[in-house]
Amino acid sequence: MNHFEKVKEFLTELEYTITSEDTAEELVTVKKPDAGIDGLLIDCEDPILVIEYPLLKLKDASKEVLTELLAKNRDIVHGAFALAENNILVFRDTLQIENLDLNELAGTLNSLEILLAEFGNRLIEISKN
């Protein structure tokens, strides 16, 4: 079984629904509505697996907001906030794909779920400013 198929199998086992798939690019988009996740990107970029979830557009983020987000990175167990193109705040993590196991992927996805549960309301506030 190739890495891409293994990752898709893990996602299904972790109760994520694949909403789109690009087999040529080895990229899937997934959702898990009960965790508030829709549009999570999983990209098999051998030798790493890229996990990225767009959270919000930072319009005119103040220094205080950016400092708060950087400080919050310290609390995130797996993954971190990152800034993507067009000032999109994303949750991002990368894992080695060669020896990837279910527990590693679950750790990252659980970390995202916890982040959204604990910090989601603050992210909503930030998005409104």
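## Terms and model

Buried means under 20% relative accessible area, exposed means over 50%, and partly exposed lies in between, with a 1.4 Å probe and protein chains only. At 35% relative accessibility, Asn-87 counts as partly exposed.

This is a predicted model, in which local features need pLDDT of at least 70 and side-chain atom pairs count only at pLDDT 80 or more, while totals for chains, interfaces and linings use all residues. Residues are numbered from 1 along each chain as its sequence is written, and side-chain values use heavy atoms, with hydrogens and water left out.

Helices (H or I, at least four residues) and strands (E, at least two) are DSSP runs, numbered from the N terminus.

## The sheet

Strands of a sheet pair through backbone hydrogen bonds, either parallel or antiparallel. Here, 6 strands form an open sheet in the order 1-2-3-4-6-5, with antiparallel pairing. Two strands are said to pair if DSSP finds at least two bridges between them. Strand 1 (17-22) and strand 5 are the edge strands, each pairing on one side only. From one strand to the next, the twist averages 30 degrees. Axes for such angles are lines fitted to C-alpha atoms, for helices over the stretch in contact, and the angles run from 0 to 180 degrees between N-to-C directions.

Glu-52 is found in strand 4. The side chain of Glu-52 makes a polar contact with the side chain of Arg-92 at 2.7 Å. A polar contact is a pair of N or O atoms within 3.5 Å; within protein, one must be able to donate a hydrogen and the other to accept it, and residues adjacent in sequence count only if both atoms are side-chain atoms. Leaving aside residues up to four places away in sequence, Glu-52 touches Gly-39, Leu-40, Leu-41, Val-90, Phe-91 and Arg-92, where contact means heavy atoms within 4.5 Å.

## Hairpins and loops

Strand 1 and strand 2 (residues 27-32) pair in the antiparallel sense over 5 bridges. Glu-21 stands opposite Val-28 in strand 2, and the bridge partner of Ser-20 in strand 2 is Thr-29. Glu-26 is in the loop between strand 1 and strand 2 and is partly exposed, with a relative accessible area of 27%.

Strand 5 and strand 6 also run antiparallel, joined by 5 bridges. Ala-84 has Ile-88 in strand 6 as its bridge partner, and the hairpin has 3 residues between the strands. Glu-85 lies in the loop between strand 5 (80-84) and strand 6 (88-96). Glu-85 is exposed because its relative accessible area is 65%. The C-alpha atoms of Glu-85 and Lys-57 are separated by 9.7 Å, although these residues are 28 apart along the chain.

## Backbone angles

Most residues other than glycine have a negative phi, and most peptide bonds are trans. Glu-26 has a positive phi of about 55 degrees although it is not a glycine. In the hairpin of strand 5 and strand 6, Asn-86 takes a positive phi near 60 degrees. Asn-87, in the loop between strand 5 and strand 6, has a positive phi near 60 degrees and is a residue other than glycine. Just after helix 1, Glu-15 takes a positive phi of about 70 degrees.

The peptide bond from Asp-46 to Pro-47 is cis, with omega near 25 degrees. Pro-47 lies in the loop between strand 3 and strand 4.

## The helices

Helix 1 covers residues 3-13, and among them Phe-4, Lys-6, Val-7, Lys-8, Phe-10 and Leu-11 are buried. The cover over these buried residues includes strand 1, strand 2, strand 3, strand 4 and helix 3. Asn-2 caps the N-terminal end of helix 1, with a side-chain oxygen 3.1 Å from the backbone nitrogen of Phe-4.

Helix 3 has 27 residues (residues 102-128) and should span 39 Å at 1.5 Å a residue; its end C-alpha atoms are 36 Å apart, which agrees. The expected span is 1.5 Å times one less than the number of residues. Helix 3 bends by about 65 degrees at Phe-119, the bend being the angle between axes fitted to the seven residues ending there and the seven starting there.
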